Amino acid sequence: MSRSAEEPAYLARPRRRDAQRNRERFIAAAQAAFAANGVDASLEQIARDVGLAIGTLYRHFPTRIDLLLAVFEPKVQKLVETAEHALAMDDAWEGFCVFLEALFGMQAGDRGFNDLVSMRFPASERTEAMHDRLYHLLEKILHRAQEHGVVRPDITVADIITLVWANGRIIEATSHTAPQAWRRHLHLMIDAFRAENRHDLPEPPLTGEQLYAAMVHLSGE
């Protein structure tokens, strides 16, 4: 098709810029909505907050997962970089603590991020890949600390994930009255992870299959 039969370039460029601005506005509104209400926040309300039709939102983000990833992929990447930094630290215990502080700090200020790291969405290859990457980094950080003898050997990644679930409930209960209360609980649990003076635990950890099933259950899929 010749250029004369297409949209003139001087019209196409402003429309592309408008589309990009709309996309950015949807992401900004979704960030606020997910942070306040979690991953199930109303997409219709997000569109209303932007002042555009829900159909326009779906043209940019065909599924809720597409919008979630657009909002949270930068935050996940920051957490990945923190994990890589933790693995490069000389002190394995300090690296372990630095990563947990970063993970729980991100969780504290954002209910949507808390949901995202607490749940699995097996129908989405992109979220599955994201979770797998974070899982393997956490596993490396944990195993390194155990190999250095500073974290008790019976702790598993599942124990860390269940702590994420518990912390989410603490944040929900205290965010309006004591927004830093989660840090007290986190450091109580970090002390419980220390190898020294440990006691035997009455129950085994969740298996990988049990953990995955629980995270899928939380997502409602």
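Over residues 20-79 the chain is 82% helix and 0% strand, with the end C-alpha atoms 26 Å apart. UniProt, in an unreviewed entry, lists this stretch, residues 20-79, as "domain: HTH tetR-type". UniProt positions here follow the numbering used for the model, feature names are shortened, and annotations may be inferred rather than shown by experiment.

A word on the model: it is predicted, so local features need pLDDT of at least 70 and side-chain atom pairs count only at pLDDT 80 or more, while totals for chains, interfaces and linings use all residues. Residues are numbered from 1 along each chain as its sequence is written, and side-chain values use heavy atoms, with hydrogens and water left out.

Zooming out, the chain has ten helices and zero strands, where helices (H or I, at least four residues) and strands (E, at least two) are DSSP runs numbered from the N terminus. The C-alpha atoms fill a box of roughly 80 × 40 × 30 Å along the principal axes.

On a 1 Å grid over the protein atoms alone, a cavity is a set of points where a 1.4 Å probe fits but cannot get out, whereas a pocket is an open set with protein on both sides within 12 Å along at least five of seven lines; lining residues have an atom within 4 Å of a point. Grid points are joined across faces, edges and corners, and a volume is the space filled by probe spheres set on the points.

The count comes to one cavity of 30 Å³ or more, and the largest cavity holds about 170 Å³. Its lining has 13 residues, with Val-117, Leu-134, Tyr-135, Leu-138 and Ile-161 nearest the centre. Two or more lining residues each come from helix 5 (92-108), helix 7 (125-147), helix 8 (157-174) and helix 10 (208-219). Helix 7 gives the most, with four residues. By class, the cavity lining divides into eleven nonpolar, one polar and one charged (Ala, Val, Leu, Ile, Met, Phe, Trp, Tyr, Cys and Pro count as nonpolar, Asp, Glu, Lys and Arg as charged, and the others, Gly among them, as polar).

The largest pocket has a volume of about 540 Å³. Its lining takes in 22 residues, and Arg-111, Asn-114, Asp-115, Gly-168 and Glu-172 lie nearest its centre. Helix 1 (9-37), helix 5, helix 6 (111-118) and helix 8 each supply two or more of them, with helix 8 giving the most, five residues. Here the lining splits into eight nonpolar, eight polar and six charged.

The second largest pocket, at about 330 Å³, is lined by 17 residues, and nearest its centre are Ile-155, Asp-159, Leu-201, Glu-203 and Pro-205. Helix 8 and helix 9 (181-193) each give two or more residues to this lining; the largest share, five residues, comes from helix 8. Twelve of the lining residues are nonpolar, one is polar and four are charged.

Finally, the axes of helix 5 and helix 8 come within 10 Å and cross at roughly 40°. That makes helix 5 oblique to helix 8.

Note on methods. Axes fitted to C-alpha atoms, helices over the stretch in contact; angles between N-to-C directions. Parallel < 35°, antiparallel > 145°, perpendicular 65-115°, else oblique.
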